[in-house]
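Please look at the sequence and the model before reading on.

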Amino acid sequence: MYNLCFRLLRAGIAVQRSIISHSTMNALTKPVVTFKSPAHFSSLLFYRFKHQQLDYSRYPTLNEEDLEETFTRGSGPGGQAVNKTSNCVLLRHLPTNIVVKCHIHRSAQKNRVEARKILLEKLDAQLNGEYSIQSQLKQLENKKSAERKRRQTKLQEMKQKWKEREEQAGEGENKIPPADQKV
């Protein structure tokens, strides 16, 4: 498992920090990587192959000059902490006039980052349409779902055919002769 990780690292595939618990150097000056659990390692491989099929070439970029950012007071549950602090971010993209309001976190800095992510997703959906990242993910999920359904129906058909064969074979072997006939 560790050798595969190093092969992935040499190939230029990023390993997430949460997967590796610690990294040290051994006597041969090679990094020794310890995984938290095999489940984390499999999630790394799934992450790699899942996102390899997506086309990020059309993904838009944000220019800070095109953004108008204001901080307002948030709303919702939280009482005085929410009503007194201005940590809700209103982000407006000037060329397209898309407005995003983000009040997910208590911190204004985290809300700024989240608002930009949401704005990028909206811009991508508006500019690229069916080629946006969200629609590509949806298409991949539809393909997986169709494949899963095809396999399930194929398995059901195989079970039905097997059941029919067993019934036909059972009819020939397990015939109970009438009481008046001797076997």
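The points below cover the sheet, the helix, the core, the cysteines and the aromatic rings.

The model is predicted: local features need pLDDT of at least 70, side-chain atom pairs count only at pLDDT 80 or more, and totals for chains, interfaces and linings use all residues. Residues are numbered from 1 along each chain as its sequence is written, and side-chain values use heavy atoms, with hydrogens and water left out.

**The sheet**

- Three strands form an open, antiparallel sheet in the order β3-β4-β5; strands here are DSSP runs of E with at least two residues, helices are runs of H or I with at least four, and both are numbered from the N terminus.
- β3 (67-72) and β5 are the edge strands, each pairing on one side only; two strands pair if DSSP finds at least two bridges between them.
- On average, neighbouring strands of this sheet are turned by 15° against each other, direction ignored; the axes are lines fitted to C-alpha atoms, for helices over the stretch in contact, and angles run from 0 to 180 degrees between N-to-C directions.
- Strands of a sheet pair through backbone hydrogen bonds, either parallel or antiparallel.
- β4 and β5 run antiparallel and are joined by five bridges.
- Leu91 stands opposite Val100 in β5, and Arg92 stands opposite Val99 in β5.
- The hairpin of β4 and β5 has four residues between the strands, and Asn97 takes a positive phi near 60° there.
- β5 has a covered face with Ile98, Val100 and Cys102, and an uncovered face with Val99 and Lys101.

**The helix and the core**

- Helix α4 lies across β3, β4 and β5 and runs at about 145° to β5.
- The largest nonpolar core has nine residues: Leu67, Val89, Leu91, Ile98, Val100, Cys102, Ala115, Leu119 and Leu123.
- At least two residues of this core come from each of β4 (88-93), β5 (98-102) and α4 (108-128).
- A nonpolar core is a set of buried Ala, Val, Leu, Ile, Met, Phe, Trp, Tyr and Cys residues joined through side-chain atoms within 4.5 Å; buried means under 20% relative accessible area, exposed over 50%, and partly exposed in between (1.4 Å probe, protein chains only).
- Asn111 is found in helix α4 and is buried, because its relative accessible area is 0%.
- Beyond its neighbours within four places in sequence, Asn111 is in contact (heavy atoms within 4.5 Å) with Asn87, Val89, Cys102, His103, Ile104 and His105.

**The cysteines**

- How many disulfides does the structure hold? It holds zero, a disulfide being a pair of cysteine sulfur atoms within 2.5 Å.
- The sulfur of Cys88 has its closest cysteine sulfur in Cys102, 7.3 Å away, which is too far for a bond.
- Cys88 counts as buried because its relative accessibility is 0%, and Cys102 is buried with a relative accessible area of 1%.
- Apart from its neighbours within four places in sequence, Cys102 is in contact with Asn87, Cys88, Val89, Asn111, Glu114, Ala115 and Ile118.

**The aromatic rings**

- The count of aromatic pairs comes to one; rings of Phe, Tyr and Trp (its six-membered ring) pair if their centres lie within 6.5 Å, and planes under 30 degrees apart count as stacked, over 60 as edge-to-face and the rest as tilted.
- The rings of Tyr56 and Tyr59 have centres 6.2 Å apart and planes at 70°, so this pair is edge-to-face.
- Tyr56 counts as partly exposed at 41% relative accessibility, as does Tyr59 at 30%.
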